Amino acid sequence: MLDLSSLNDAQKQAVTAPLGPVLVLAGPGSGKTKTLTFRIAYIIEKRLINPVNILALTFTNKAAKEMRARVRKLLSRFQGVSEQLTMGTFHSVCARILRKEISALGYSPNFTIFDTDDQHKVIREICDDLKLDKKFPPSLFSALISRAKNILQLPSELDLGMDSPLKERLQEVYGRYQDSLFRQNALDFDDLLMLMVKLLDSNEKLLQKYQKQFAYILVDEYQDTNPAQYALLRLLSKHQNLFVVGDDAQSIYGFRGSDITNILNFEKDYPTAAIIKLEQNYRSSKNILNAAQKVIELNSEQKEKTLWTENLSGEKIIIRVAEDERAEAEFVARKIIELVSHEKNELVYEAEEEYKGYSILERVLKARKMFGKTDVFRHLKLSQLPKKHDSLKEYCVLYRTHAQSRALEEVFIESGIPYQIVGGLKFYERKEIKDMLAYLRLCVNFRDLVSLKRVINEPARGIGDRSYLAIRDFIVDITAKNKDMRLKDFREKFLKVQILPKALASAQDFFAMLEDFSSLPVKATLPELLKAVLRRTGMEKFLRDGSEKGESKWENVQELITVTSKFKNLPWKEALTAFLEEVALMAEIDQKQEEKDTVTLMTLHSAKGLEFDNVFFVGLEEGILPHSRSLIDPGELAEEIRLAYVGLTRARKRLFLICAKSRMSFGNRQLQTPSRVLKVLPKECVEFQGLPLLEQNDGEIVVEEMEF
DNA sequence: AGCGCTCAGCTTTTT
DNA sequence: GCTGAGCGCT
């Protein structure tokens, strides 16, 4: 029997609500995932819903994985049931369905998924072909094309409300782009959603099939759905068995087309909907929750919600003003060392002792006397992390932009603190890895021109730009006539390409190589394919050139083979498709290694849905958070506030808020002012540490400007 | 074809 | 202050 006794009243109400539309408004730390997983278990066990008819959509693969594990635990009496559920991100679920059904749209099922990088390359090539004015950079078009796709507009249906010279060009570029993808048998991220919707919209039979298959739909992070995702849900949820969970205060993906009105209008869209609010917070201390509440109140239009907690007030939130990004990072490192090793960094505290009882001006004068006019903290050496220390897993550092991670990383290396950075310089973005992936992509789909261009001359085969262009045009030409041509037939016709004989011979050999790979024995494994690719393409020799760099690249490629070994039990063709799809649709956070005992560094966006005992929130400055690009638009500004809210509510016990007085940006040192977020924090929840450059005054925090 | 030099653009956030 | 695209030279 499913035991509901650990749920509070609101949670229980949500879990046991009648089938039909349900909106759960869940504040941070209110047991959102718990409610979702119990709901799934409940409808299977109590409402006897067949798990194959359940579709659960999450925002990241990591969340899907976690949810499946939790459902498995709840339903451990029913072996294998959790494996029958369809769970994943919108993108991965769409990809899986499209692999089966996309021939109805003229694509082949072995389509390649293009990431943003691939997308940019295609668009840039189109812009080059069109010889567009510099006023129309490729980046402009990729943004507009994505926007159009998010609202389900094909090139012929464009209506983005813009002036006509731009609109004309967009139509041209978008049209060519979409044609190009089609010929390459490739889909970009937005296509996965848009084409899924177009397919269901235009094909009554398929629509009915999936309405029937997914009769019960659950959606996590509903506030982050975009119009295409919304349309998909409307199409699928014919039976209105739609259970959505979200929090309008945590909507932070407006920039990629998510539409907060989806959650705000749920009641209008589904008039019979049950609305349940989860307002009890189990995560954070009172101090943290109260501070977060004040921050979200900066937004007047947020839906009214009263979060409360039975947790204790806890420690005060520490605010720290650092001299610059270096000092900021040093503070974080020093604090972590101090907390996990239960000992204070003596030097630091010696210095701070000195300041007791002095006014701000006096402290500054004293600091200058002791250390000169440069940053006082730079003179304090960080201690090494002792051999024996507490776990670092409960520490995280949050920032607005990836660029901010650099200074932190430097100091963490110097201080010997193990850390992992989520996102940023990704494993799969290294050149040698991208090259390998390009070869693998070509094994599945030789029409993938982005990959072809990438590796046709890597290692060098004497095929230069001109030869590539001739080959490209030949492929475009021939696939226009016969888009389903097999590699083998293609190779026969290939003799006709007009290029230098040497290049032609190399290119022929190149395609013969691809054919060799595809004729690998059916029962070969994916790691075997990778090894064959490395050997046959000459990548192995090319990478292992005896240099140190080469060796490190080789190690990365070996790591790639290790990653693929989890697909060993599948025939390589299936494994390859699954692997490439996984890589393409991986969220930054999916790369976080949970088992590693390290501090986690990541952007606020990646942190959504996570929680830590100790959170360091850095760069709380105007222009960083809120970001300078958001200041002109009230809507975007509100999103920055929600972002701050998300950041604050990640913390369970300790929260450190740090801002720097100056910061390096674009190679210039820039003076910073503290974020408006810092100024609304309730006085009784916060405390200043170290050299305070802020003072409290009648419950409001004012910033003391300092002259050096 | 391959190397090295210069200069622009870059830092929002991501599936 | 760093990267990578583009250019020119060998």
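Me: Which residue in β14 stands opposite L398?
Reply: M602 does. This is a predicted model: local features need pLDDT of at least 70, side-chain atom pairs count only at pLDDT 80 or more, and totals for chains, interfaces and linings use all residues. Residues are numbered from 1 along each chain as its sequence is written, chains are lettered from A and ligands numbered from 1 in the order in which they are written, and side-chain values use heavy atoms, with hydrogens and water left out.

Me: How many bridges join β12 to β14?
Reply: Two strands pair if DSSP finds at least two bridges between them. Strands (E, at least two residues) and helices (H or I, at least four) are DSSP runs, numbered from the N terminus. Four bridges join β12 to β14 (residues 599-603), and the two run parallel. Four bridges also join β12 to β15 (residues 612-617), again parallel. There V397 stands opposite F616.

Me: Where do the side chains of β12 point, and are they buried or exposed?
Reply: In a regular strand the side chains alternate between the two faces of the sheet. In β12, Y395, V397 and Y399 point one way, C396 and L398 the other. All are buried (under 20% relative accessible area; exposed is over 50%, partly exposed in between; 1.4 Å probe, protein chains only). Five of the five residues of β12 (residues 395-399) are buried, so the strand is largely enclosed by the rest of the structure.

Me: What is the strand order in the open sheet of six strands?
Reply: The order is β3-β2-β6-β7-β1-β8, with parallel pairing. β3 (86-89) and β8 (274-278) stand at the edges with a single partner strand each, so one side of each is left without a neighbour in the sheet. Inside this sheet, four bridges join β2 (residues 54-58) to β6 (residues 216-219). A56 stands opposite L218 in β6.

Me: How do I read the packing of α6 and α7?
Reply: Two packed helices are described by the angle between their axes and the distance between the axes. Axes are lines fitted to C-alpha atoms, for helices over the stretch in contact, and angles run from 0 to 180 degrees between N-to-C directions. Helix α6 (residues 116-130) and helix α7 (residues 138-150) pack at about 120°, with axes 9 Å apart. That makes α6 oblique to α7 (under 35 degrees is roughly parallel, over 145 roughly antiparallel, 65 to 115 roughly perpendicular, the rest oblique).

Me: Which residues of α6 and α7 meet?
Reply: Contact means heavy atoms within 4.5 Å. Q119, H120, I123, R124 and C127 in α6 meet P138, F141, S142 and I145 in α7.
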